[in-house]
Each structure stands twice: as structure tokens, then as C-alpha cells.
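Q: I would like a close look at a single part of this model, with the residues around that part described in one connected answer.

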Amino acid sequence: MEKEIERLTETVLAGSPADRPWEGCVNQVVYRVPRGIKVTIPRFLAEHISRTDAEREAAERLSERLSAAARRLG
């Protein structure tokens with residue numbers, strides 16, 4: 001059986017403590033993770049936050065490219 005400590009990880013989300021925390025609901029559990037300070041959270045949650053941040057950044061880059069192309073077209 002996996003030890004509880006092995007399922008946890010320490011992380012610091014980008015931003016400052018004054019910024020809004022990351023909030024999300026996973027399997028009917030609501031998580032609120034503060035930004036800019038070291039927190040211990042479940043490993044699956046850290047991976048989920050990392051994946052969704054990467055997806056958001058990719059979507060923002062695509063949006064910028066499409067907007068630039070639209071401006072060039074007229």
C-alpha cells in the first residue's frame with residue numbers, strides 16, 4: 001500500500017499570496033490552493049493544475065496567433 005506522504009507533493013503556484021487562489025472541483029471535492037506560498041497538496045492535484053495551466057497557455061498563444069492573422073486579413 002502506498003504511503004500517504006508519497007501521494008503528496010510540495011508546490012508553489014505562480015503569483016503572490018494577494019492574488020486569487022487556484023480553485024477547482026475534482027470528484028466533488030472543492031480545492032482552493034493559495035498562490036505564492038509553499039503548500040502540500042495531493043500529487044494528482046498538482047499534476048492537474050500543471051496540465052490545465054499548460055492548456056491555458058497554449059490556448060492563449062493560439063488566440064494571439066489567430067488574432068494577428070485576422071488583423072493581417074483586414
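Is Phe44 buried, partly exposed or exposed, and what is its relative accessible area?

A: In this predicted model, Phe44 is partly exposed, with a relative accessible area of 40%.

Tyr31 has a relative accessible area of 19% and is buried, the limit being under 20%, whereas Phe44, at 40%, is partly exposed. Besides Phe44, the contacts of Tyr31 include Trp22, Glu23, Gly24, Val26 and Leu45, with residues up to four places away in sequence left out of the count.

Tyr31 is also a member of the largest nonpolar core, a set of ten residues: Leu13, Trp22, Val26, Tyr31, Val33, Val39, Ile41, Leu45, Ala46 and Ile49. At least two residues of this core come from each of β2 (22–26), β3 (29–33), β4 (38–42) and α1 (43–73). Helix α1 gives the largest share, three residues.

The side chain of Glu23 meets that of Arg32 in a salt bridge, with 2.5 Å from N to O. Glu23 is partly exposed, with a relative accessible area of 40%, and Arg32 is exposed at 61%.

The structure holds six salt bridges. Another of them joins Lys38 to Glu10, their closest N and O atoms being 3.7 Å apart. Lys38 is in strand β4 and Glu10 in strand β1 (residues 8–12), so this bridge ties together parts that are 28 residues apart in sequence. Both Lys38 and Glu10 are exposed.

Leu62 is partly exposed, with a relative accessible area of 42%. From C-alpha to C-alpha, Leu62 and Tyr31 are 29 Å apart in space, and they are separated by 31 residues in sequence.

Technical notes
Residues are numbered from 1 along each chain as its sequence is written. This is a predicted model: local features need pLDDT of at least 70, side-chain atom pairs count only at pLDDT 80 or more; totals for chains, interfaces and linings use all residues. Side-chain values use heavy atoms; hydrogens and water are left out. A nonpolar core is a set of buried Ala, Val, Leu, Ile, Met, Phe, Trp, Tyr and Cys residues joined through side-chain atoms within 4.5 Å. Buried means under 20% relative accessible area, exposed over 50%, partly exposed in between (1.4 Å probe, protein chains only). Helices (H or I, at least four residues) and strands (E, at least two) are DSSP runs, numbered from the N terminus. Contact means heavy atoms within 4.5 Å. A salt bridge is a side-chain nitrogen of Lys or Arg within 4 Å of a carboxyl oxygen of Asp or Glu.
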